[in-house]
Each structure stands twice: as C-alpha cells, then as structure tokens.
Amino acid sequence: AVLPNVIRYLDDPLAFPTGPIGVSQALHLSANVHVDILASLGVDATVFYRRVRDGFPPLTSDTGQPIPDTGSLAWGIEALVRKQLTRRLQGFIAYTFMHSVQGTLADNRLTRRLAADFDQRHNLVAVLSVKLPRRWELGARFRVVTGLPYTPIVGGITNADTIAQTPPDAFGQASFIVGRNNSRRLGLFHQLDLRVDRTWVLRRCIVGAYLDIQNIYNRQNP
C-alpha cells in the first residue's frame, strides 16, 4: 500500500488553464550478459528498452481540436568483445544498434511514430592499445556512426508575378515548405583518435600525463 501512495504523491497533477498536468514518466529496462570465453577473451551483451511520457498539459490547436500528449520509445542492443592479444597488446570492439521513435499518445499507446531526433541506428567503436617500455602506452580508437534524422526543406513559396521569393515572415525567415518530420538522415561519420600516455612512479605518488589527438584526419561531421 505504500508504493501506490508514493506514486500518487509524485504524480500529483498541477492546475493549468487548459487542464491538469502530471509529471513526466519514464520506464527503463535492461538486461546484461557477460561471458568469459577464454582467459583473454570476454563478451558482453546488453539489451535495453525505454518508454517516456512527456506529460504535457492538454492543448488545443487553432481549429479547436485537442492536441494529444507526446512520448517516445527506444530499444536496442549493445555488444562488446574484449581480447588480450599479447602480453602488451589489447583491444576491444563495441557495437550498438538503437531504434528510437517519437509520436503522440492515444490511450497510453504511441501513435503516429516518427524517427526521434537522436535516433542513431548504428555505432561501431574499435580500440587498440599497446604498453611500451618505460611506462609508455599508445592507443588508437576508430569510430563509425550513422547520421541523425532531420526534417528537409522540399520547396519554397514564390511570387508568380516577380518570380521572387516571398518577403520574410515575422521571425525574419524566408518562406519555405518543409517535408515530413525527420524523414531524412545526415551522412555517415567516422573518425580516428590517437593517445599517448606516460606514467611516473614517485616515492609518494603516481603522476601521469597524456596527449590526446581526436579526429586526426579532420573528418567533417555532417
């Protein structure tokens, strides 16, 4: 009986002119498996699920129709393989697949699903590091990710008499026509990072310094 009372306390609605608003709610679920195949080879896998209700107050459009609450769903899997290649050389490869959608809520169900703003489907990371003499260590990381979704501009409004673009609107923006929300994606992005570490063992402490160069070939992110 204690838990339901606590939930009702947290979800105490606030009064708005358009109606009550409750707190945002989120459900997070995940499960992880770790397997040591060999003494030098390990595998991790994690599946995850997240459901969010924004909890916006009831609104109405210009036509008087009610605007429903919004929410999002995200699910996917993460996999990591770690290998001790030699006594000084080790590395790992990690891959994440995620699918995230957003939409409106009807009867507590997500409808009119569209790709969420941060729906990054594929993320691959490979790391390799080697321990050198005199407490030096050299590492490299290569990352490949797919692009985020965006809403394209599919056209503009022109004046048939002057064949010129219409004057800017009240916000100073030229008139244009947008396509379906988040219907296109940015291009693929990849980068290579390098890092050098040096450690000194002193009488009362350990001191470390490193040089980290990110995106060494200056790949432009779309």
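The model is predicted: local features need pLDDT of at least 70, side-chain atom pairs count only at pLDDT 80 or more, and totals for chains, interfaces and linings use all residues. Residues are numbered from 1 along each chain as its sequence is written, and side-chain values use heavy atoms, with hydrogens and water left out.

**Chain**
- The chain holds 1 helix and 19 strands (DSSP runs numbered from the N terminus: helices H or I of at least four residues, strands E of at least two).
- Of its 222 residues, 19% are buried, meaning under 20% relative accessible area with a 1.4 Å probe and protein chains only.

**Largest pocket**
- The largest pocket has about 240 Å³ of space, a volume being the space filled by probe spheres set on grid points joined across faces, edges and corners.
- A pocket is an open set of points on a 1 Å grid over the protein atoms alone where a 1.4 Å probe fits, with protein on both sides within 12 Å along at least five of seven lines; lining residues have an atom within 4 Å of a point.
- Its lining has 15 residues, with V127, G139, A140, R141 and R195 nearest the centre.
- β8 (89–106), β10 (122–132), β11 (136–145) and β18 (189–201) each give two or more residues to this lining.

**Strand pairing**
- β8 and β10 run antiparallel and are joined by 9 bridges; strands pair if DSSP finds at least two bridges between them.
- F92 has V127 in β10 as its bridge partner.
- β10 and β11 are also antiparallel, with 10 bridges, and S129 stands opposite G139 in β11.
- The β10–β11 hairpin has 3 residues between its strands, and R134 in the turn has a positive phi of about 60°.

How values were computed: Buried means under 20% relative accessible area, exposed over 50%, partly exposed in between (1.4 Å probe, protein chains only).
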